[in-house]
Amino acid sequence: MTVKALSDALSLTVFTLPDPDRAVSGGYSGDLLSWVMGRAGENHAWLTIMSNQNVAAVALMADLACVILTEGVTPDEDLLRRAGEQMINLLGTASPTFEAALALGEQLK
Amino acid sequence: METIKLVYPVDGGDLIEAGEASSKMKLTLKRLGLPPDVIRRASICMYEGEINMVIHADGGEAQVEVGMDEITIRMTDTGPGIPDVDQAMKEGFSTAGPTARELGFGAGMGLPNMKRYADELAIETEVGRGTVVTMKLKIPS
């Protein structure tokens with residue numbers, strides 16, 4: 001499924017969506033950046049509450065399909081700017097991380 | 001293809017800005033048409049190296065060589081050195097300070113990730129003099 005379709009299905013907040021047709025193949029949840037780079041897979045949706053611009057760098061290096069900020073977290077200005085520059089899809093939800101992961105899992109079944 | 005040599009300075013000033021050198025390298029490797037998997041692994045290795053340099057060594061320099069069948073990333077700093085490399089290689093061991101941790105770093109996964117994603121990892125370090133981390137990644141034909 002594409003990031004755009006996932007975003008629509010889960011009614012996610014769109015902070016920036018420069019690469020809407022990117023395919024999502026799985027998901028990963030975590031807030032320790034190196035842990036995410038070690039464990040998340042290519043084209044995964046990443047659920048996190050971290051909102052500084054290093055999040056965009058991690059998503060870029062690890063070839064993640066999108067970042068979903070959970071728990072109502074919003075990106076800081078620098079993250080929003082860098083995500084746009086580096087073609088990183090940045091979405092959000094008010095749902096707690098666990099609920100968001102469940103919903104993501106349902107969509108990817 | 002001749003060996004391509006790239007040099008990227010790593011600014012030690014600001015952890016928030018870290019990743020510039022890795023981003024540039026990633027773009028160059030994409031332009032060279034290398035396989036996505038090796039680009040991904042090289043990018044993560046270099047970004048981890050960059051983060052370590054900013055946190056621990058006030059920056060340094062990354063040299064990247066792209067040959068026919070191998071990428072070599074050599075990251076050189078004149079920081080404090082690593083007193084116990086075996087300990088530093090353990091997942092979860094970190095000497096990063098509170099500022100790095102607040103940003104999501106300092107999980108003690110940097111060097112383990114380099115080992116995970118590089119085909120070869122060599123660390124030359126001397127306390128008080130600095131560290132050279134060399135990573136080699138094979139390019140699948």
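Q: Helices (H or I, at least four residues) and strands (E, at least two) are DSSP runs, numbered from the N terminus. With that in hand, which elements of chain B each supply at least two residues of the lining of the largest pocket?
A: They are α2 (36-57), β3 (70-77), α3 (85-88), α5 and β5. The model is predicted: local features need pLDDT of at least 70, side-chain atom pairs count only at pLDDT 80 or more, and totals for chains, interfaces and linings use all residues. Residues are numbered from 1 along each chain as written, chains are lettered from A and ligands numbered from 1 in written order, and side-chain values use heavy atoms, without hydrogens or water.

Q: What makes this site a pocket, and what volume does the largest pocket have?
A: On a 1 Å grid over the protein atoms alone, a pocket is an open set of points with protein on both sides within 12 Å along at least five of seven lines, whereas in a cavity a 1.4 Å probe fits but cannot get out; lining residues have an atom within 4 Å of a point. The largest pocket has a volume of about 590 Å³. Its lining holds 34 residues. B:Asn52, B:His56, B:Ile82, B:Thr95 and B:Leu111 lie nearest the centre. Helix α2(B) gives the most, with eight residues.

Q: What is the volume of the second largest pocket, and which residues are closest to its centre?
A: The second largest pocket has a volume of about 270 Å³. Of its 14 lining residues, A:Leu60, A:Gln86, A:Met87, A:Ile88 and B:Lys30 are closest to the centre. Two elements give two or more residues to this lining: α3 (54-61) of chain A and α1 of chain B. The largest share, four residues, comes from α1(B). By class, the lining divides into six nonpolar, two polar and six charged residues.

Q: How many cavities of 30 Å³ or more are there, and what lines the largest cavity?
A: The count is one cavity of 30 Å³ or more. About 30 Å³ of space lies in the largest cavity. A:Arg22, A:Leu64, A:Ala65, A:Cys66, A:Met87, A:Ile88 and A:Asn89 line it. The classes are five nonpolar, one polar and one charged. A:Arg22 is the charged residue, because Arg is on the charged list.

Q: Why is B:Asn113 called buried?
A: Buried means under 20% relative accessible area, exposed over 50%, partly exposed in between (1.4 Å probe, protein chains only). B:Asn113 has a relative accessible area of 0%, so it is buried. Its place is in helix α5 (residues 110-117) of chain B. Leaving aside neighbours within four places in sequence, B:Asn113 is in contact (heavy atoms within 4.5 Å) with A:Ser34, A:Met37, A:Gly38 and B:Glu48.

Q: How do you know that A:Glu85 and A:Arg81 form a salt bridge?
A: A salt bridge needs a side-chain nitrogen of Lys or Arg within 4 Å of a carboxyl oxygen of Asp or Glu. A:Glu85 and A:Arg81 meet at 3.3 Å, N to O, so the pair qualifies. Both lie in helix α4 (residues 77-85) of chain A, four residues apart, about one turn of the helix. A:Glu85 counts as exposed because its relative accessibility is 55%. A:Arg81, at 38%, is partly exposed.

Q: What makes B:Glu17 and A:Arg82 a salt bridge, and where do the two residues lie?
A: Their closest N and O atoms are 3.7 Å apart. The pair crosses between chains, from B:Glu17 in the loop between β1 (4-11) and α1 (20-31) of chain B to A:Arg82 in helix α4 of chain A. B:Glu17 is at 37%, so it counts as partly exposed. A:Arg82 is at 6%, so it is buried.

Q: What joins A:Arg39, B:Glu91 and B:Arg116?
A: Salt bridges that share partners join these three into one network. The whole structure has 13 salt bridges over all chains. One of them links A:Glu106 and A:Lys109 at 2.9 Å, N to O. Both of these residues, A:Glu106 and A:Lys109, are exposed.

Q: Why do strands β4 and β5 of chain B count as paired?
A: Two strands pair if DSSP finds at least two bridges between them. Strand β4 (residues 120-126) and strand β5 (residues 130-138) of chain B have seven bridges, in the antiparallel sense. B:Glu124 stands opposite B:Val132 in β5(B). The two strands form a hairpin with three residues between them. In the turn, B:Gly128 has a positive phi of about 85 degrees.

Key
Points joined across faces, edges and corners; volume = space filled by probe spheres on them.
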